[in-house]
Amino acid sequence: MSSCRATDRCGVGPEPLVAVGAHRLVSSSGGNAMEGVPAPYLRALRGAGLQPVVLPTGLAAESVGRLLQRVDGVLLIGGPDVEPRFYGEETRPQCGPTHPERDQSELLLVGEALDRGLPLLAICRGIQLLNVALGGTLHQDIATDRPDSGIGHRSQERQALAHTVRLEPDSLVARAVCMDHVAVNTLHHQAVKSPATSLRPVGWAPDGLVEAVEMPGADFVVGVQWHPEELVSLEEHARRLFAAFAVAAARHQSAASRSGS
Ligand SMILES: [Mn+2]
């Protein structure tokens, strides 16, 4: 790719802060539910020179505004299925468990992040949530909606390279990873069905399923259906995606400090 240029955040200025929406883990033995972020996401952010800030679910709109005033980027991570009513569908039997309180928090996070021009990286459930936040819809179950796919998107092996994704060469994602095909892991049974009009699909699995989107006109709003945080020690493209996110967060940080906000 002629326009390919590897990026790195070069260590100028303090580490940019990245808000990460938490995942809720319900105890099977009757203990308290816990909210937190799986370690691979935290390691990947830190490895790229970013400092994670974990935001619990149940956020009120006014808190989201104040919290995002203090960060330089937002990461949406994997988790349960998005509640179908948020994209105007009835829940079908193949839809998995949902967590509407987290959906609502993250819908607020997306709205506020976009209003503020914050860099946003949305992974797995994150790309789905981003698409729903902007008016798109989801496949409630890929195996049901696309029985002829030929690809088992719902793998249990977190680091197995299960299929390729073809990237649109003229896209932010392809430029960020310096490749137009990436080998990825696949840990999902839902996916983008109709992309939101403000999102541009830029990556596809061999069966045609949308696996990457970005927002034209935004500095860095990217969603990927795979899990790059699980691949940073294995795949250059995964490291480069976090590095590009870090560059965008650093850019936001220095712009914010110049404007005194
Ligand atoms: Mn997949």
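Tutor: A residue is called buried if 20 or more other C-beta atoms, placed from the backbone, lie within 10 Å of its own, exposed if 12 or fewer do, and partly exposed in between. By that rule, 46% of the 261 residues in the protein chain are buried. Please keep in mind that the model is predicted, and that local features need pLDDT of at least 70 and side-chain atom pairs pLDDT 80 or more, while totals for chains, interfaces and linings use all residues. Residues are numbered from 1 along each chain as its sequence is written.

Student: Why does V20 count as buried?

Tutor: V20 has 24 other C-beta atoms within 10 Å, and because the definition asks for 20 or more, V20 is buried. V20 is found in strand β1. Setting aside residues up to four places away in sequence, V20 touches V37, Y41, P52, V53, V54, L55, L75 and I77, where a contact means that the C-beta atoms of two residues lie within 7 Å.

Student: Why is C178 called partly exposed, and which loop holds it?

Tutor: C178 has 16 other C-beta atoms within 10 Å, so it is partly exposed. C178 sits in the loop between α6 (172–177) and β9, and its phi is near 60°, a positive value in a residue other than glycine. C124 also has a positive phi, of about 55°, although it is not a glycine; this residue lies in the loop between β6 and α4, and with 24 C-beta neighbours inside 10 Å it counts as buried.

Student: How many helices and strands does the protein chain have?

Tutor: There are seven helices and 13 strands in the protein chain. Both are DSSP runs numbered from the N terminus, helices being H or I over at least four residues and strands being E over at least two.

Student: Which strands form the open sheet, and in what order?

Tutor: Nine strands form it, in the order β4-β1-β5-β6-β13-β12-β11-β8-β9, with mixed pairing. Two strands pair if DSSP finds at least two bridges between them. Strand β5 (residues 73–76) and strand β6 (residues 120–123) run parallel and are joined by three bridges, and L76 has A122 in β6 as its bridge partner. Strand β8 (residues 163–167) and β9 run antiparallel and are joined by four bridges, with H181 in β9 as the bridge partner of R166.

Student: What makes β4 and β9 the edges of this sheet?

Tutor: β4 (51–55) and β9 (181–184) each have a single partner strand, so one side of each is left without a neighbour in the sheet.

Student: How do you know that the buried residues of α1 line one face of the helix?

Tutor: The buried residues of helix α1 (residues 39–47) are Y41, A44 and L45. Seen down the axis of α1, they fall within an arc of 100°, so they line one face; the arc is that of the directions from the helix axis to the C-beta atoms. These buried residues pack against β1, β4, β5 and α7.

Student: How does the span of α7 compare with the expected value?

Tutor: The expected span of a helix is 1.5 Å times one less than its number of residues. α7 has 24 residues and reaches 35 Å from its first C-alpha to its last, close to the 34 Å expected. G260 follows α7 and has a positive phi, near 75°.

Student: Why can the radius of gyration be said to agree with that of a compact globule?

Tutor: The radius of gyration is taken over C-alpha atoms, and the globule rule is 2.2 Å times the number of residues to the power 0.38. With 261 residues, a compact globule would have a radius of gyration near 18 Å, and the protein chain has 17 Å, so the two agree. The C-alpha atoms fill a box of roughly 50 × 45 × 35 Å, taken along the principal axes.
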